[in-house]
Amino acid sequence: MNLSLLHNNQQDLDLLDWNLIISDLSSHASLEKTRHDLFIPPRSMSIDEIELQLLDLDRYMVQHDEYAAIFQDSVLHIPSHTNGFQNIKDIYKGKFFDCSELNSIALFIECYNNAFKHFPDFHFAEDLKIGPDIYQKLRRHFLSPLREFVDRSGQPHYDRHPQLKKLYAEIIEIENDLRISIQKIAKTDEFSSRLQLDQFDIINDRYVLAIRSDSFNSDLGPIVARSNSGMTLFVEPYEIRIKSNKRIHLLAEIESIILKLTIGLSELLHPHANEISRIADFVSKFDLINCKANYSLAKGLQRPQLSDKKEIDLTQIFHPLVSNPIKNNFILNQKHKGMIISGPNTGGKTVVLKTVAICNLFLHMGLYVPASNARMYPFDHLYYFSHDHQNLQAGLSSFASEAKYYLDLLHSLGDNNLILIDEIFNSTSSEEASALAIAFLDELHKISQSKIVLSTHHQVLKTFMHARTDYISSHVGFDFETNMPTYKLIIGEPGSSLAFKIFDNLQKKFSYTSNISDHAKNLLDAKQVTYESLLLDLDQKKNELEKILQQNITLNKELKNQKRAMEGVLHLEKEKLVSEFQRKLKTTLNSAQELFEEIRHEKITSQKQLENRAHLLKTQIQSSPKPQLKPTDDQIEKYSHFKEIDFEDIQIDQTLFALNIGKNVKVAQVNPKKKEVQVKHGSLLVWLPWVNLRLPSGAQPVKKAPIINIQREVLGKIEIDCRGMRLDEFQKICDKAIQDLYDGQVPFVTLVHGHGTGVLKNWLREHLRREHPQLKWENIEGNDGCTKISS
């Protein structure tokens, strides 16, 4: 029994919430196959294999925007749930494909053509290149003929193909005639009083009218279909039956031609199954590396450096599923065999262990890790043991089941092992558990070169291991002011379990009163209580010192920032004035140069014209720039407690508060035309937009401006009847209706497509899912013959 997480051990992966992590990762994949492959448990890779995958990801991340655009133009054209991978496998079987299946294969070939040339230095693409002669043959004899009548959505377009164009035009003419004819028939006395529905429908390629069953007679026409209740009969009028038969005959003729075309295209693919299979592999790996890159960016993952020494050095690690996580440092160097983590319950010990495990799993996936910096050795075997192993089916208690796991581990160890144990032997007495754990760890190190990280509450175990030099002691912190864990990993000494402290806090929280904890302390051995108290006192004093140090650092930074901010404001005003003056000076010099050139080429013909131009230059030189310093959003939010002032209420010598200076200023001048105010603060004199100014505290609040409601008319159609239309005509109408919805011309639009064969309905809803996921759609009151779309 192999317990390693890197050897298809899904049961223990579940202890790490692995499915949730992979669900999050796979959400960045475009293809269903990629998402499926990601859920396969990771396998152990050599250091060279990992390095090659990381190098590929490095190259991709450096030019992420460029590759994302290539991905958009290639892989995203392939439907997520494509059958293309299965279709490509079926090429080996000599299968003949229909239009949709051929299109799925064509999308892979087109993706390869658009993307492969951009990956010349990527290792994953080295063995996936196909010869240019093979590709040219596929392009000329497969892609080009297919695209003559099948678009990228898999829909055939008969009007594009020379053999089908004439037949299709004849069908369109007949269908237009059928629509006009059946609408006229519906209005005749013979039919109008018998109709269940006002409009016609298309069922089984027949144009039909919905007739109430109690008013039907055989003179109206043959029954094509019945409703589920039997109350409605769908009847084809005799007057249009000949035209319908001709239309069906022409459709059958088109299907026959398409069948011949698809058979020929399928036969062309059969000799090139290997090349097309390599193309599919490239598309799959392109999707995978794009998925890894997007996930790394979304989660803030960083590239790990590989080490040939058995060490783990992680800076600012965090669990990828935790929102706003507390980040920790984790160091296990080559000279230490392991680490012991102690501290209070719910303090973060388990999260640290799981995060270390996840970092190692990500490493063997060729993925960046959740840390700001990482140096890691890729262990061949990774083990994770939780503290509850009870197995009722096998008749094993929690302790017996845990012991069996450890015995199995002893028989499956390799040379390179990282073993993570959460709450070792937690289900038996502390003294016995400590002795067993120490002996078990010694046995592990005797038969292997394993690195071990474990958490524990056992006093003897953490004390004994702290005295040894081959293990690192650590604990998770606790804030004694808030009585809450800090979730910070503190390396260097063990920590108290704080059981009494936590128990007392829970009593206060739930309003219980008892002397249980005091009584428990009396029952414990005095040495044990003293030891725990010393750890508690040490931890508390260390936290207090760290807080004082942090407060001093923060205060020092704030004082320096305030000084720089004030200097920066004054410098900014001067810089803006200088920049504006330089710009105006350059403009004036250009104008003077132009005037000089015009005089030189005798384009100035009179003294008066020369004087006017010279006066204009003089005016430009004399005018002084006035900076427009509008407040930023951060400044408005920071000083939101200051009240606004109307421009008309501003007076000279009035004291106001300037948002972008952050100080009280005095009004020097007011420009009613530009609604600007010149203010003075010390030696600084600057023009500001009046919106920069606020009343000092104590002023009355401003009156709110009246709210004006504006109503718009609906300019577009909100209901469009599309029954009986061809797909291409329906697509144009849909695109126009959706554009009206985006432009705000209509609040919603209802497209009536009927039931029929479902071609219009299926295309519309798939189109909405793929191209317009931000829009909402529904059928109205259970009527599946229409679709209501809204933003």
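Mentor: What follows begins with the chain as a whole, turns to the pockets, and ends with some local features.

The model is a predicted one, in which local features need pLDDT of at least 70 and side-chain atom pairs count only at pLDDT 80 or more, while totals for chains, interfaces and linings use all residues. Residues are numbered from 1 along each chain as its sequence is written, and side-chain values use heavy atoms, with hydrogens and water left out.

The protein contains 23 helices and 24 strands (DSSP runs, H or I of at least four residues for helices and E of at least two for strands, numbered from the N terminus). Of its 791 residues, 44% count as buried (under 20% relative accessible area, with exposed over 50% and partly exposed in between, for a 1.4 Å probe and protein chains only). Among contacts (heavy atoms within 4.5 Å) with a separation of 6 or more, 69% join residues 24 or more positions apart.

The largest pocket holds about 1,200 Å³ of space. A pocket is an open set of points on a 1 Å grid over the protein atoms alone, where a 1.4 Å probe fits, with protein on both sides within 12 Å along at least five of seven lines; lining residues have an atom within 4 Å of a point. Points are joined across faces, edges and corners, and the volume is the space filled by probe spheres set on them. The lining of the largest pocket comprises 40 residues, and Asp-37, Gln-53, Ser-284, Lys-285 and Leu-288 are the closest to its centre. Helices H3 (32-38), H4 (47-62), H6 (84-91) and H12 (273-299) each supply at least two lining residues. H12 provides the largest share, with eight residues. By class, this lining has 16 nonpolar, twelve polar and twelve charged residues (Ala, Val, Leu, Ile, Met, Phe, Trp, Tyr, Cys and Pro count as nonpolar, Asp, Glu, Lys and Arg as charged, and the others, Gly among them, as polar).

H6, one of the contributors to that lining, has six of its eight residues buried and is therefore largely enclosed by the rest of the structure. The buried residues of H6 are Gly-84, Phe-85, Asn-87, Ile-88, Asp-90 and Ile-91. Their cover includes H3, H7, helix H11 (241-269) and H12.

The second largest pocket contains about 990 Å³ of space. Its lining has 28 residues, with Pro-79, Arg-152, Ser-153, Glu-766 and Arg-770 nearest its centre. At least two residues each come from helix H7 (99-115), helix H22 (727-742) and helix H23 (759-771), and H23 gives the largest share, seven residues. This second lining divides into five nonpolar, 16 polar and seven charged residues.

Ala-125 counts as buried because its relative accessibility is 3%. Beyond neighbours within four places in sequence, Ala-125 is in contact with Phe-116, Phe-119 and Phe-282. The C-alpha atoms of Ala-125 and Ile-279 are 9.9 Å apart, although the two residues are separated by 154 positions in sequence.

Another helix pair is H15 (residues 430-447) and H16 (residues 459-467), whose axes come within 7 Å and cross at roughly 40°. H15 and H16 are therefore oblique to each other. On the H15 side, Ser-430, Ser-434, Ala-437, Ile-438 and Leu-441 take part, and these meet Gln-459, Val-460, Leu-461, Phe-464 and Met-465 of H16. The residues of this contact are seven nonpolar, three polar and no charged.

Two backbone details deserve attention. Most residues other than glycine have a negative phi. Asn-204, which is not a glycine, has a positive phi of about 55°; this residue is found in the loop between strand S1 (201-203) and strand S2 (206-212). Asn-204 is exposed, with a relative accessible area of 56%. Gln-316 also is not a glycine and has a positive phi of about 55°, but its place is in strand S6 (residues 312-317). With 30% relative accessibility, Gln-316 counts as partly exposed.

Finally, Lys-776 belongs to strand S23 (residues 776-780) and counts as exposed at 57% relative accessibility. Leaving aside neighbours within four places in sequence, Lys-776 is in contact with Lys-788, Ile-789, Ser-790 and Ser-791. Lys-776 and Ser-791 are 15 residues apart in sequence, with 5.9 Å from C-alpha to C-alpha.

Conventions:
Axes are lines fitted to C-alpha atoms, for helices over the stretch in contact, and angles run from 0 to 180 degrees between N-to-C directions. Angles under 35 degrees count as roughly parallel, over 145 as roughly antiparallel, 65 to 115 as roughly perpendicular and the rest as oblique.
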